[in-house]
Amino acid sequence: MYGWTGKVLRVDLTNQRSSVEALDYKAATDYIGGLGLGVKYLYDEIDPTVDPYSPKNKLLFATGPLTGTGAPSSGRYMVVTKSPLTGGIANSGASGEWAMQLKYAGWDMIILEGKAAKPVYLFIDDDRVTFGDAAPLWGKNSLETEEAVADLTAPDAHVACIGPAGEKMVRFACVMNDKGRAAGRSGVGAVMGSKNLKAIAVRGTGGVKVADPDRFYKAVEAAYETLNTPVVAWFHGVGTPGVLDLVQSFGALPTRNFSTGVFEDYEKLSGDVLASKYSVRDHMGLGCPACPIACGRVSKVTTPEFAGVGEGPEYETIGMFGSNCGVSDFEAVCKANFICNEMGMDTISAGNSIACAMEMFERGLIPQEDIGFPLTFGDGSAMVRLTEMMAKREGFGDLLAEGSYRMAEHYGTTEYFMGVKKQEFPAYDGRSLQGMGLGYATQPRGACHIRGEAQDLDLYGVVVWRITKDRGIDKVDPLRWDDKPLLAKEVQDWFCMIDSCGLCNFIFFLHVDEDQTRELLEAGTGIDMGGYEGFKRTGERIFNIQTLFNRRAGMTSADDTLPKRMLEEPMPGGPGKGMVVRLAEMLPPYYELRGWDAEGNLTPEKAAELGLTLPKIKAKKAAATEASDQA
Amino acid sequence: MTKMITVNIDKCTGCGACELMCSFRHHGEFNPRKARITKTVFHDEQISVPILCQQCEDAWCVNVCPSGALQKNVDALTGAYVVTVSEDVCVGCRMCMLACPYGNIQVGSKGVAEKCNLCEGDPQCVKFCAFSALRFEDTDANVRDRKSKLASTLITAYREGA
C-alpha cells in the first residue's frame, strides 16, 4: 500500500491488550485518513448517544496518507472521539514529529477502547506495543510528562500526552505533543484522561512509500514553488499573531466577550510586539515537520508575576485572553498561554470562558464570593489566576472547567455564552465576517475557525482556489451574506479533504489549491479521485458523516444557531457597524445546497449520491429523547 | 574555488525537509533515519542544527578505506569536491563509519557505505530548504558573506558609538 501504511492498531485499555488490523481499504478510499477516516471508524463503531466519558466511547489517533511524506506541512495527526464539551463529534488536529513517528512506526491509526483500571502510558516502538505504569506521571504537566516518558521509553521517542487538565477532565482539555503542540479543541484530552491514559510514546524506524514517485516529486516541487512567496516569509517571521492587526481592521477582533469587534489597545497585542519583544529568537522560530512555513515560535517572559517560557501564544490565544478579556498586557496573555500548554487545556475555550465569566460578573450575575475575587475585563492578574484554577479545578475554576455554557447555565442564563453547540467561539466576530458566522453555526464540531470557515476568502483574500476561481470571483465581501451559503459549504467540504490528507490548512491560505492537493493525494496513494468533482464529493461525504454522527447523538437543526448577541445585537463599531449575522437568510439556502431538508437532515437522495447510509429509525428515536433532555 | 553545501543554522527551522527529500532521492521512501543529512533540534533555544558530509579535502573515510571503494572525486556537473562510494567495490567493513568524526557515513541495508554524494550535482536537501539554511555555493562566496556580515556588525557598532 502506498501513502497509507495499511495497518490499524487497536488497543484494549481495559485488558491492556493490543491487536493489529488491516486498514479498511474501501473506507480509506472513501474517507482518505485523518479527520475523515477517523470519523468513519468512530461512526461505525460507537453508539453516538454514549456518554463521552464512558469506556464505550473510543479515542482515535489518525494520520493521513500524506503524513510522513515530503508533501509540505504534512506532519499532522487528528484525534477523533465523541466530545465531552459538545456531545457531538470531536476532531482535533496537531502537527509534530509525533505524527511522523506514528506513520514511520507503521500505523495509519490507533483505536483506543475501554478504560484502564489505573493510569497507564503506551509505548509504540514500531510494531511492539507495551503498557507502562503512569502512576508516577500522574499530576505532571505536559512538558514534564514528555521528558519523563522519553526517559522511561526511548530518548528518540516522541510523546503525545495529557496534562493535569486532561486528568481532571476539564471539558476542553487538549492532547499535547512535541513541547507545546496541541490537539486543542472539543475536549479530546478529557476523553484521554477519562480512560486513564496519560501518554502515548511512539518511535518509528520505517518509511513511507508513494505510488508514483516521479509524479509525487513533481507535485511536491510545485507546492513548494507556490509557497515560495514574500507572504510566506512574512508569516514565518510573525506567525499567526501577525494577523491580529488585519482582523482588527475588519472589525472582527473579539473584544470583551464579543461585545464589539474593535479593541482600542490592539497595537499592544500585535504580532510584531510578540516576535520582537517576547520571542526567544527575534522574528524566528522552529516549525513543524516538513513545513516550509514554520509559523511557530517560543516566547519568554521574565517579569516575575507572569514569568515563563513556551510555545506560542498563537493568534486565537491572543484574541481570547487578550482583547476578548479586555486585557492589553501581553505578558499576562503569554502567562495564561503557558499555563494552558503546560496543563494541557484549550486556550480558545479557556480564554473565551473567562471572558464570559467576566461579563457575567460585571453584570452581577455571578456573585464575587463564588469567584473569590473581582473578575473585571482588563484584569490580567485575575485572568491568569482563574486560568490556573480552571486547570486544577479549584474553587470557581471547577465550574468554569465545565465550559462557559454549563457555567452560565448554572447561573440561570446562557445569554452571555459565546459559542455554538456548547463550544466557545475562536477569535473572529461573525457579525463582521458573515461567512464566519454561518460557518460557526453549521460546523459539526461546534464553533471553530479551522475546519473550513469562510474567513480565508474575505479576511485573508484567498481567491486562488477553484471555489472562487471557477466562478470568476476575485474579491469576497465580508459583510455580504447572500453569497455565503455556497461559499461556506464549498470551503467546508474542501477543508475536510485537507484535514483528511494529513495536511495543514495554512498552506492553503497561502495559496496551494484543490488541484495541487488532489495531485499529491493521487500520486501518493495511487487512487483515482475521479477528477475535481470526485474530490469535492469525498469532502462533502466527510462533512456529512460528521453531521450524521451529531444527528444520531441527538443534535438537531436547532443546534445550528448562534448566540442572541450575534443575531440581534448590531455590531457597535468598526467596518461591521450595524451588522448582525444574517443567519435566518443564510441557513435555508445553505441546507438546500447541502441536500438537507428544512430540519437539517440529509435527504435520502443526497445520502445515496454520497454513498452514505441514513441512521435507522431506532437511532432517531434515541436521538429525539436525548434532544428533549437537552432542551 | 569549489562548491559545497553550506549550513546557516540561524535560518534552520528544523522542518526536516532535507532529510525527507534526501531519503526519497536515495532510497525511494520518506524516512529520516535513512537520510544522509540529519537535524538535531534544541527546542528551548529554538535552534536546529543539520549535520551532513563536509566532503573533506583530506578525508579520513577515504584514507581508512581498505577496499578503495571510497574516492575523492570532482563532480562532473558542478566541479565540486565529492567523496563517492563505488558500491561494487565496498565490502561494508564500516571502517569509514568509525573514522568519520562527524557521523556522516554509515553502512546501510544494502551492506555498503552510504553517504552524501551531492545528488550528482543537484542536492535535494538544498533544493527543498525553504529557508535557505542550506546552500550549494562556492566556498569563496560563503567566506565573503561571513566577512561582510562581520563587517556590518562592526560598522553598526561604530555608528552607534559615533
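So, the contact of α12 and α15 in chain A: A:Ala332, A:Lys335, A:Ala336, A:Ile339, A:Cys340 and A:Met343 on α12(A) meet A:Gly380, A:Ser381, A:Met383, A:Val384, A:Thr387, A:Glu388 and A:Ala391 on α15(A). By contact I mean that the C-beta atoms of two residues, placed from the backbone, lie within 7 Å. Helices here are DSSP runs of H or I with at least four residues, strands are runs of E with at least two, and both are numbered from the N terminus.

Helix α12 covers residues 330–343 and helix α15 covers 380–392, and they pack at about 5° with axes 9 Å apart. That makes α12(A) roughly parallel to α15(A). The cut-offs are under 35 degrees for roughly parallel, over 145 for roughly antiparallel, 65 to 115 for roughly perpendicular, and oblique for the rest. Axes are lines fitted to C-alpha atoms, for helices over the stretch in contact, and angles run from 0 to 180 degrees between N-to-C directions. By class, this contact has eight nonpolar, three polar and two charged residues. Nonpolar means Ala, Val, Leu, Ile, Met, Phe, Trp, Tyr, Cys and Pro; charged means Asp, Glu, Lys and Arg; the others count as polar, Gly among them.

Quick housekeeping. This is a predicted model, where local features need pLDDT of at least 70, side-chain atom pairs count only at pLDDT 80 or more, and totals for chains, interfaces and linings use all residues. Residues are numbered from 1 along each chain as its sequence is written, while chains are lettered from A and ligands numbered from 1 in the order in which they are written.

Now another helix pair. At what angle do α21 and α24 of chain A pack? About 90°, with the axes 7 Å apart; α21 is residues 484–501 and α24 is 531–553. These two helices are therefore roughly perpendicular. From α21(A) the contact takes A:Gln492, A:Asp493, A:Trp494, A:Cys496, A:Met497 and A:Ser500, and from α24(A) it takes A:Phe535, A:Lys536, A:Thr538, A:Gly539, A:Glu540, A:Ile542 and A:Phe543.

Zooming out to domains. Chain A has domain 1 at 7–203, domain 2 at 242–424, and domain 3 at 434–511 + 528–630, with bounds from an automatic or database domain assignment. The centres of domain 1 and domain 3 of chain A, taken over C-alpha atoms, are 26 Å apart. Where they touch, 36 residues of domain 1 are in contact with 29 residues of domain 3. On the domain 1 side, the elements giving two or more residues are α1 (25–31), α2 (34–45), β4 (76–82) and β5 (89–95) of chain A. The largest share, seven residues, comes from α2(A). That side has 14 nonpolar, 17 polar and five charged residues.

On to a sheet in chain A. It's an open one with six strands in the order β8-β7-β12-β9-β10-β11, with mixed pairing; strands pair if DSSP finds at least two bridges between them. At the edges you have β8 (128–133) and β11 of chain A, each with a single partner strand, so one side of each has no neighbour in the sheet. On average, neighbouring strands are turned by 20° against each other, direction ignored. Inside that order, β9 (158–161) and β12 (197–203) of chain A pair antiparallel over four bridges, and A:Val159 has A:Ala201 as its bridge partner in β12(A). Helix α4 (142–152) of chain A lies across β7 (120–125), β8, β9, β10 and β12, at about 135° to β9(A).

Most residues other than glycine have a negative phi, and most peptide bonds are trans. A:Gln16 has a positive phi near 50° and sits in the loop between β1 (7–12) and β2 (17–22) of chain A. A:Lys179 has a positive phi too, about 55°, in the loop between β10 (175–177) and β11 (181–183) of chain A. Buried or exposed for A:Lys179? Buried, because it has 21 C-beta neighbours inside 10 Å. A:Gln16 has 15, so it counts as partly exposed. The cut-offs, for other C-beta atoms within 10 Å and placed from the backbone, are 20 or more for buried, 12 or fewer for exposed, and partly exposed in between. There's also a cis peptide bond from A:Gly312 to A:Pro313, omega about -5°.

Last, the two chains: their contact takes 24 residues from chain A and 22 from chain B.
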